[in-house]
Amino acid sequence: MITRPYVAGVDSSTQSCKVVVWDPAEGRVVREGRAPHPEGTEVDPEAWWQAFLAAAEAAGGFEDVRALSVGGQQHGMVVLDERGRVIRPALLWNDTRSAAAARELIAEREDGRRDAENAGGPSGAAWWANATGSVPVASLTVTKLRWLADNEPEAARRVAAVCLPHDYLTWRIAGGFDRVGLEGLATDRSDASGTGYVDRSGRTYRRDIVAQALRCDAARAEQITLPRIVGPHEAVGRGDEARGWGEITLGPGAGDNAAAALGVGLRPGSALLSLGTSGVVAAVSERPVSDPSGLVTGFSDASGRWLPLACTLNASRIIDAMMRVTGLGYEEFDEAALSVPDAGGLRLIPYFEGERTPNLPEATASLEGMTLSNCDRAHVARATIEGLLALMRGALDAVRAQGVAVERVLLVGGGARSSAVRALASEALGATVEVPHPGEYVALGAAMQAATVEVSPPASSQVEDGSARAGETNV
């Protein structure tokens, strides 16, 4: 009989899939593997599946693994037809084509309040913040559904199910449509809370918002399967034994930021600052937040609490872009930035891909204040690091403004490898900054969740109104 002492965690990120096999008894990574994802802001979900299979093989397979959970990039829109087939490539979180849709969704709720109450009600942004914890921006799934309805109406009419990247991958690991049907789709509070059509508890879908987004009636919105939302320690199924994996229990998984918070052991009073493709500030909170400005999204975490979060589109790639401008390598760039006491009045506006916090999807980057005395590589490098940290300070202060105490910052991600970032971060962020040992914290957090998952898959649940509904649950 094969013993299964280990668990596995998966990080299906924008750029790649990472798999770690973890020993919960000793708290160590036993082995790991990775495989790349295609570039771009829309991707065929089949690419995630193939990358997962390659990463799993590189990690030595799952013969000794008893449970597995998936952490994944948030917000991406995966739409399936009635046979579980992908209707169109998934729109990822960093696809900003739905920026106008976000503005429309906000305005429609503002107009609705004005019409219903003859003015005096909350603004459209406040309505969304109160209802869902977040104000629509281009990254949220709800805006991508509206874009689909307006730009690809035939595809929108074929939608039988909507899920997120980590939901889709978990579903495929369980055997997909042929083995578990659309009803086998499942998710957790953390990822569900980032869709824009789940209430502030992170537990219940707002079908009225789904109908609004897809410009359809209530009956049509009721027919669409949405992944059932389960608790952080509930199993959602079993891995497909036909693939030779044996009996693997599948955890609910989590959004990447919530999984990373598990991986670093984030607690109230501390914030996680991740400098990767995006820049993220996330803090664990005992209470939900509601920010009508839209700077902070009121997500749930992967432990049953909340994860108020501010996310920028630009982070480590700010450094990458300015390295190309200066012609310096990573170490040379850091040395140049630290060779001068400040940027000498040079200021980088780092909105290379538009921006999410603040919500400026059409913004561009620029260098300001250039003079003959500061137009050299050292001052440009310094302005780059200062610009990146100033952007993240704005995100951190937005979280603090919601009454969330942040005294310590855990700095992770590729950007944390920069010696210049590490040297300047504490003063720039106004907090004690710690840099944990480099690791795959999203995958590790998913593995930690897998270690706590119940052995048996959950029974079907009821929603708050007491009526069974496909794709929905109350945890």
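Is Cys17 buried or exposed, and what is its relative accessible area? Cys17 is buried, at a relative accessible area of 0%. By buried I mean under 20% relative accessible area; exposed is over 50%, and partly exposed is in between, with a 1.4 Å probe and protein chains only.

Before I go on, the basis. This is a predicted model, where local features need pLDDT of at least 70 and side-chain atom pairs count only at pLDDT 80 or more, while totals for chains, interfaces and linings use all residues. Residues are numbered from 1 along each chain as its sequence is written, and side-chain values use heavy atoms, with hydrogens and water left out.

A disulfide is a covalent bond between the sulfur atoms of two cysteines. The rule used here asks for a pair of cysteine sulfur atoms within 2.5 Å, and by that rule the count is zero disulfides.

Next, the aromatic rings. Rings of Phe, Tyr and Trp (for Trp, its six-membered ring) pair if their centres lie within 6.5 Å; planes under 30 degrees apart count as stacked, over 60 as edge-to-face, and the rest as tilted. Searching the whole structure gives eight aromatic pairs. One of them is Trp49 with Phe52: the ring centres are 5.8 Å apart and the planes are at 25°, so this pair is stacked. Trp49 and Phe52 are three residues apart in helix H1 (residues 45–58), so about one helical turn separates them. Helices (H or I, at least four residues) and strands (E, at least two) are DSSP runs, numbered from the N terminus. Both Trp49 and Phe52 are buried. Ring pairs also join these two with Phe62 and Trp245 in a cluster.

Two rings have a charge over them. That term needs NZ of Lys or CZ of Arg within 6 Å of the ring centre and within 35 degrees of the ring normal. Arg97 has its charged end over the ring of Trp147, 5.0 Å from the centre. For Arg189 the ring is that of Trp306, at 5.2 Å from the centre.

Last, salt bridges. Side chains of opposite charge can pair when their charged atoms come close. Here a side-chain nitrogen of Lys or Arg must be within 4 Å of a carboxyl oxygen of Asp or Glu. The whole structure has 28 salt bridges.

Arg34 bridges to Glu440, with the closest N and O atoms 2.5 Å apart. Arg34 is in strand E3 (residues 28–36) and Glu440 is in the loop between strand E21 (432–434) and helix H16 (441–452), so the pair ties together parts 406 residues apart in sequence. Arg34 is partly exposed, at 48%, and Glu440 is partly exposed, at 23%.

Glu108 forms a salt bridge with Arg146, the closest N and O atoms being 2.7 Å apart. Glu108 sits in helix H2 (residues 99–117) and Arg146 in helix H4 (residues 141–151), 38 residues apart. Arg146 is buried, with a relative accessible area of 1%, whereas Glu108 is partly exposed, at 29%.

Finally, Glu286 forms a salt bridge with Arg305, at 3.3 Å between the closest N and O atoms. Glu286 counts as exposed, at 53% relative accessibility. Salt bridges with shared partners also join Glu42, Arg88, Asp95, Arg97 and Glu152 into one network.
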